[in-house]
Amino acid sequence: MSCRCLVGYYLTRAHPVDVRADVAHRALGAAPEEPHILFFTILFPHGEKDLGLVSAVRCGVSIMARGLIPWIWLKRPVYIQARFSYLHMKYLFCSWLAVFVGSWVVYVEYSSYTELCRGHECKNSICDKFRKGVIDGSACNSLCEKDGLYLGKCLSAKPSNQVYSGSWGDLEGIIKCQMEEDPHYDLGAELEPRKESASFNRPTKGTSMEKFKEMVFSHLKAKVGDQANLADLVTLVLGVADSNKDGQISLSEAHSAWALLQLNEFLLSVVLQDREHTPRMIGFCGDLYVMEKVPYVPLYGVSLPWMVELWIPASLRRSIDQWAAPSWPRKAKIAIGLLEFIEDVFHGTFGSFLMCDVSVTGFGYTERHDIKVVDAKRIVPEGAFQEAMRERRCEEDSDCVYGRDCLTSCDLTKHRCTTEVMQPNLAKVCSTLKDYLLYGAPSDIKDELEKQLYACIALKGASEQMEMEHSLILNNLKTLLWKKISHTKDS
C-alpha cells in the first residue's frame with residue numbers, strides 16, 4: 001500500500017489520534033515566516049502504539065517536507081527571477097525602441113538622399129542628348145565617352161538643381177546640373193525659366209549666326225537692361241559658346257549656350273570672369289557645367305548633421321562657429337573681399353545685380369583667405385528682378401519677396417509689387433558679417449567697427465541719397481579693416 005494510501009487509511013479509522021506540528025525557527029537572521037525544523041508530536045489514546053499509524057504519520061511528514069522544502073528554497077529566487085524578468089523586458093523594450101528610431105532615421109536619410117541626389121539621371125539625360133547630336137560642349141567627351149569627369153559627393157539642396165563635388169582629370173571642381181522643374185518650385189521661378197532651356201530646342205535648325213547673335217543680344221538686354229556696352233557682353237557669351245575654339249558655333253553648341261544663358265549663375269560668371277571673387281567655369285555640356293572648387297565652405301561655421309543641429313542650442317551653435325573661424329586678421333581680409341564683391345555687382349561693368357540670398361553657405365574662401373562666391377543662383381540682374389516684380393500681384397509686403405533677402409513693398413492701390421528693394425546689397429552683407437567681425441575684434445577699433453556696421457545695416461534701398469551713403473560706408477569699412485591688417489602677413 002502506498003504512503004499516500006496509508007495516510008488516508010489510518011486517518012479514516014476511529015482512532016482518536018492527535019498529530020501536532022510545531023514550527024521552530026532558527027535565530028540566525030531567518031524571517032519568522034521561513035520554517036526550518038518541523039517537530040511532530042503523536043499522542044495515542046490509552047498509551048496504545050500502532051506501528052502502522054506511526055508509519056503513516058512518518059509518510060505524511062515526508063510528504064509535507066517535500067511540499068515545504070521547495071517553498072523554502074524558492075521563495076527568494078522567485079523574487080530575484082521576477083526582478084530579472086523586469087530588467088530583461090526593460091532592456092528588450094529599449095533595444096526595440098533604439099532599433100525603431102534608428103531604422104526611421106536611416107529611412108528618412110535614404111529617402112531624402114534618393115530624392116535630392118539624382119546625378120546619375122542628370123548624367124544619363126545629358127549624355128543621351130549629346131550622343132544624338134542635340135548638345136555639345138567642352139565637357140561632353142569627358143563626361144559621356146571617356147569617363148574622365150567623375151561625379152563624387154552629392155551636395156544638392158534641391159532636386160531641380162543637382163550639385164556634386166567631382167574631379168576632371170587633375171582638377172577638382174563642383175558639377176552642377178539642372179533637372180526637370182519640380183512641382184514645388186519657388187516664387188522666383190520666372191527669373192529662370194527651366195522648361196524652355198531643358199528641352200534644348202532653341203535656336204532652331206537653320207538659324208544663322210547673325211540671328212543667334214540677335215537672340216543673345218535681346219535676351220541679355222531683357223536681363224541686364226539697355227547697357228551701352230551690351231555688345232561686349234554678347235561677344236563674351238559667344239566666346240564661351242565656342243567650346244572647341246574653332247571660331248564657329250555649331251547648332252549643338254548654340255543649344256548648350258542658350259540653355260546656360262537662362263541661369264543667373266552662368267551669366268554672373270561671364271560678367272565677372274576677370275574678377276577674383278567668382279570661381280572660374282572649367283567646362284560645360286548642355287546645361288551641366290563645372291566650376292572651380294572653393295576649398296573652404298561655408299564662409300564661417302561648422303557643417304553638422306541635421307540630427308545634431310536639432311539638439312544644439314543657438315548660443316552653443318554660435319560659440320562653435322566662432323571657435324572654428326579663422327583668426328581675426330584673416331576674417332578681416334575675408335570681409336574686405338566680400339565688400340569688394342559688393343562693388344563688383346553694384347553698378348558694375350554690365351549693370352547692377354541684386355544679392356537675394358546673403359547666407360554664409362553661398363560663400364567660401366581659398367587657402368589665401370580670398371572670398372569666392374560658391375552659389376550665385378540668387379544673385380540676379382536688377383533689370384530682370386524689377387520686371388518680374390512689376391508683374392507680380394500682391395496683398396501685402398510679404399507677397400513681394402524673391403529668394404530670402406530681396407523684399408519690395410506692395411502697392412495696395414494697384415495690388416502690384418513695387419520694383420525697389422528695401423535693403424541694398426551692402427546692408428545685407430553687413431548684417432551677415434556683424435557677429436563674425438565683432439567677435440575677437442581688437443579693442444582699439446571694436447567700438448568704431450560696431451558703429452559703422454550698424455550704420456551699414458540701417459541703409460535703405462529707397463533712400464534718395466542711398467548711392468552716396470552706400471559708397472561712403474563701404475569705403476569707411478574697407479579703410480578701417482585694411483589699416484588694421486595691412487602691416488600683418490595676413491594682408
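Predicted model: local features only at pLDDT ≥ 70, side-chain atom pairs only at ≥ 80, totals over all residues.

1. Helix α6 covers residues 209-224 and helix α7 residues 230-241; their axes come within 10 Å and cross at roughly 120°. The two helices are therefore oblique to each other, and α6 passes α7 in a right-handed crossing. From α6 the contact draws on M209, F212, K213, V216, F217, L220, K221 and V224, and from α7 on L230, A231, L233, V234, V237 and L238. Sorted by class, this contact of α6 with α7 has 12 nonpolar and 2 charged residues, with no polar ones.

2. On the α12 side, W328, K331, A332, I334, A335, L338, L339, I342 and V345 take part, and they meet N425, L426, V429, L433, Y436 and L437 in α14. The contact of α12 with α14 has 13 nonpolar residues, 1 polar and 1 charged.

3. Now for the sheet. In what order do the strands of the open sheet run? The order is β3-β4-β5-β7-β6, 5 strands with antiparallel pairing. At the edges stand β3 (149-154) and β6 (281-285); each has a single partner strand, so one side of each is left without a neighbour in the sheet. From one strand to the next the twist averages 30°. Helix α3 (residues 119-131) lies across β3, β4 (161-168), β5 (171-178), β6 and β7, and runs at about 80° to β5.

4. Strand β7 deserves a paragraph of its own. It pairs with β5 in the antiparallel sense over 4 bridges, and 4 bridges also join β6 to β7 (residues 288-292), again running antiparallel. Another bridge links C285 to L288 in β7. Is β7 enclosed or open to the outside? With 4 of its 5 residues buried, β7 is largely enclosed by the rest of the structure.

5. The hairpin of β6 and β7 has 2 residues between the strands, and G286 takes a positive phi near 65° there.

6. Within β7, please have a look at V290. V290 has a relative accessible area of 2%; that is under 20%, so V290 counts as buried. Leaving aside residues up to four places away in sequence, V290 touches L149, G173, I174, I175, R280, M281, I282 and G283. The C-alpha atoms of V290 and Y164 are separated by 9.5 Å, although these residues are 126 apart along the chain.

7. Some backbone details are worth checking by eye. Most residues other than glycine have a negative phi, and most peptide bonds are trans.

8. Finally, two residues other than glycine with positive phi. For D147, which is not a glycine, phi is about 55°. D147 lies in the loop between α4 (140-144) and β3, and at 57% relative accessibility D147 counts as exposed. K245 has a positive phi near 55° and belongs to the loop between α7 and α8 (251-261). Is K245 buried or exposed? K245 is exposed, with a relative accessible area of 60%.

Key. Residues numbered from 1 in each chain as written. Heavy atoms only, no water. Axes fitted to C-alpha atoms, helices over the stretch in contact; angles between N-to-C directions. Parallel < 35°, antiparallel > 145°, perpendicular 65-115°, else oblique. Left-handed = near helix turned anticlockwise from the far one by under 90°. Contact = heavy atoms within 4.5 Å. Nonpolar A, V, L, I, M, F, W, Y, C, P; charged D, E, K, R; others polar. Pairing = 2+ DSSP bridges. Buried < 20%, exposed > 50% of the residue type's maximum accessible area, 1.4 Å probe, protein only.
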